[in-house]
Amino acid sequence: IRLLELQPGSKDDPLACKLFQTNMDIIEKKDYFRWTEAPEYRAISYTWGDPKKTSILTIGNECLAIGANLSDALRAFRKPERAINLWADAVCI
């Protein structure tokens, strides 16, 4: 799957992230299944909303217009001191 690493910042800083790909394979054990080691992340779904209200998300050296509601969610999740991993359908699919 593709995940985004949301870069640290304050609520009003521009949104910036890096995209990376990771594997999430299932390993069958004797009595159970488990996921392979994958980075910790949170999944959010924010593709809905008024498509005319947008904000900018910087991904590496590129800019992507995202919905205002996804922008608000990313700002709410963002930490001031460290990056966090997210799966956001509007960006990662």
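Residues are numbered from 1 along each chain as its sequence is written. Because the model is predicted, local features need pLDDT of at least 70 and side-chain atom pairs count only at pLDDT 80 or more, while totals for chains, interfaces and linings use all residues; side-chain values use heavy atoms, with hydrogens and water left out.

**The core**

Select L4, L57 and L74. Of the 16 residues in the largest nonpolar core, these three touch the most other members. Such a core is a set of buried Ala, Val, Leu, Ile, Met, Phe, Trp, Tyr and Cys residues joined through side-chain atoms within 4.5 Å; buried means under 20% relative accessible area, exposed over 50%, and partly exposed in between, with a 1.4 Å probe and protein chains only. At least two core residues come from each of β1 (2-6), β2 (15-21), β6 (54-59), α1 (68-77), β8 (84-88) and α2 (89-92). Helices (H or I, at least four residues) and strands (E, at least two) are DSSP runs numbered from the N terminus.

Next, display the surroundings of L57. Beyond its neighbours within four places in sequence, L57 is in contact (heavy atoms within 4.5 Å) with L15, A16, C17, E62, C63, L64, I66, L74 and V91.

**Helix α1**

Move to L74 in helix α1, which is buried at a relative accessible area of 0%. With neighbours within four places again set aside, its contacts are L6, L15, I44, L57, I66 and L86. The C-alpha atoms of L74 and L86 lie 9.0 Å apart, with the two residues twelve apart along the chain.

S71, also to be selected in helix α1, is buried with a relative accessible area of 5%. Its side chain makes a polar contact of 3.3 Å with that of S55. A polar contact is a pair of N or O atoms within 3.5 Å; within protein, one must be able to donate a hydrogen and the other to accept it, and residues adjacent in sequence count only if both atoms are side-chain atoms.

**Strand β8**

Now select N85 in strand β8. N85 counts as buried, at 18% relative accessibility. Its side chain reaches the backbone oxygen of E40 at 3.3 Å. Leaving out neighbours within four places in sequence, N85 is in contact with L4, E5, F20, P39, E40, Y41 and R42.

**The lining**

Finally, select E5, E40, Y41, R42, F77, K79, R82, A83, I84, N85 and L86, the residues that line the largest pocket. A pocket is, on a 1 Å grid over the protein atoms alone, an open set of points where a 1.4 Å probe fits, with protein on both sides within 12 Å along at least five of seven lines; lining residues have an atom within 4 Å of a point. β8 gives the most to this lining, with three residues.
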